[in-house]
Amino acid sequence: MPLPDSAEFEQVTVSDVSRVYGRRRALAHVSLTCSAGQIIGVLGPNGAGKSTLLGLLSTLTEPSRGQVRYGDRTAREAGAALRAQVGFLSHDLQLYPELSARENLEFFAGLYGLDRPAERVVEALSSAGLADRADDVVEGFSRGMRQRLALERALLHSPRLVLFDEPFTGLDEAACEALVTRLRALRAARRIIVLATHDLDAVDGLLDRAVLLRKGRLSELESQGSLRERYRAALTAGARGRLVEAPDTAKGRFPAGAGEAR
Amino acid sequence: MSGFVRVAWLVVRKDLRVESRNKEMLLTTLFFAVSCVLVFSFGFVRGGQAVEGAAAGILWIAIAFSGTLALGRAFERERYHDALRGLLLAPVDRPAIYVGKLIGILLLLAVVEAVVVVMVAFLFQAPLFQHGWWLLALLSLGTLGFASVGTLFSAMLVRTRSRAVLLPVLLYPVTIPVLIMGVSGTAALLQPEPDLALARLWVSLLCSFDMVFLTLALWTFEPVMTE
């Protein structure tokens, strides 16, 4: 589907966003800027609001307060064309188990109105290492194979903003390494990448920025030490009621201009 | 092919393909409808003679109950593995997804109705085929009205825990007029002297209801699916 130029964007800005479900507050006053060519890790315990944040970024969830801007436009202003720029690999894999790998990809290629869909599907099957299982139904695949297929489904339309929710689940070591390589390639291609994960070892050294979500509140992780140490330190600090608020990410291994979080 | 039609067709084709592999919805819906007609036939047919006027009601009860079963599962495939999120994230007119799902349900119910009509005609000695075109019009329009609302409610309830209970609770009060029109129109055809003028009136009313239901469903599907 040809997209208007305005659908292209270099930055996603979350400004003072809160999200409430009934009486439960999933996100509270979250602000975050995600720029092209960055991998941002969203860390935090279960129920912290990570999936809600990804849902908001994906345009599928609307904020109760605040706004998310893609370039200079909100999701509502940009309309359906914006969704062609978003790829989302969620914890649930968004595949039809009764369809074959090829049929799943062809279905989504059709929905996205891709040019040369057959070629794109063959390339995606090859990238997933499933070329020889292309016509097998997904139901018979292992979790790792499904995960690889779902990754290719999420990237089939070359999205600008790529969202991952627990992408390392069910992957063996080799598949994890392949995914990390893929993430680096996406970063080199100046995609905006946001991933929520508990797998700190897998993403240590990969992230350009790491933020912690805890009880719906966002804070930046310290930039010194291993990711696990920084994560634990931030959790402990949060538990003592003094979350690390670090709008300036220009120090340590997180590059300057990476944006701010509070 | 326009974008809207293309997307609706993709969804229909996908649903038909999945159904052709597991036949889950077809078999359960058909089995339920056939059982329903059979059970009623034991109660309403005495000495080879059916109770007068029962056939029309039983035909539509079988359609409504089995239709509810099918509608309850209409978005289950999308719920498993959260494929619904993948669908909603696609840069398409979301009402086209609704139309695709609706057509899939209508095709399924058409198969069920083909079997049920023959069964009712045979077991209740009802002259259903005497005015076949009128019956076809009543069934098509009645099913469209029932399924258009049901598909929307099924989509609305896909994320709720008690959707199996809520669907009939929401669906029947809204679609009761459609079912009454279907029964009344069919009963008019099954009288000893078929009342075609009355059947025509019910067909016209069904057309009006369908237009309202479809318009509302297409209009509300997008906001309903946004969290």
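How many helices and strands does chain B have? Nine helices and two strands. The model behind these views is predicted.

**View 1. The elements of chain B in order.** The elements run α-α-β-β-α-α-α-α-α-α-α. Chain B has a radius of gyration of 18 Å. For its 227 residues, the globule rule gives 17 Å. The two values are close, so chain B is as compact as a globular protein of that length.

**View 2. The extent and interior of chain B.** Along the principal axes, the C-alpha atoms of chain B fill a box of roughly 55 × 35 × 30 Å. Of the 227 residues in chain B, 46% are buried. A residue needs 20 or more other C-beta atoms within 10 Å of its own to count as buried. Now look at contacts within chain B between residues at least 6 apart in sequence. Among them, 83% join residues at least 24 apart.

**View 3. Where chain B touches chain A.** Here 20 residues of chain B are in contact with 27 residues of chain A. Which helices of chain B each supply at least two residues of this side? They are helix 1, residues 3–22, and helix 5, residues 83–89. Helix 1 of chain B gives the most, with seven residues. Sort the side of chain B that touches chain A by class. Nine residues are nonpolar, four are polar and seven are charged.

**View 4. Asp16(A), a residue with positive phi.** Find Asp16(A) in strand 1 of chain A, which covers residues 11–21. Its phi is near 50°. That is a positive value in a residue other than glycine. Is Asp16(A) buried, exposed or partly exposed? Asp16(A) has 13 C-beta neighbours inside 10 Å.

**View 5. Lys215(A), in a loop of chain A.** Where does Lys215(A) lie? Look at the loop between strand 9 (209–214) and strand 10 (217–220) of chain A. Lys215(A) also has a positive phi, near 50°, and is a residue other than glycine. Inside 10 Å, Lys215(A) has 15 C-beta neighbours, so Lys215(A) counts as partly exposed.

Terms used: Residues are numbered from 1 along each chain as its sequence is written. Chains are lettered from A and ligands numbered from 1 in the order in which they are written. This is a predicted model: local features need pLDDT of at least 70, side-chain atom pairs count only at pLDDT 80 or more; totals for chains, interfaces and linings use all residues. Two residues are in contact if their C-beta atoms, placed from the backbone, lie within 7 Å. Helices (H or I, at least four residues) and strands (E, at least two) are DSSP runs, numbered from the N terminus. Ala, Val, Leu, Ile, Met, Phe, Trp, Tyr, Cys and Pro count as nonpolar, Asp, Glu, Lys and Arg as charged, and the others, Gly among them, as polar. A residue is buried if 20 or more other C-beta atoms lie within 10 Å of its own, exposed if 12 or fewer, and partly exposed in between; C-beta atoms are placed from the backbone. The radius of gyration is taken over C-alpha atoms; the globule rule is 2.2 Å times the number of residues to the power 0.38.
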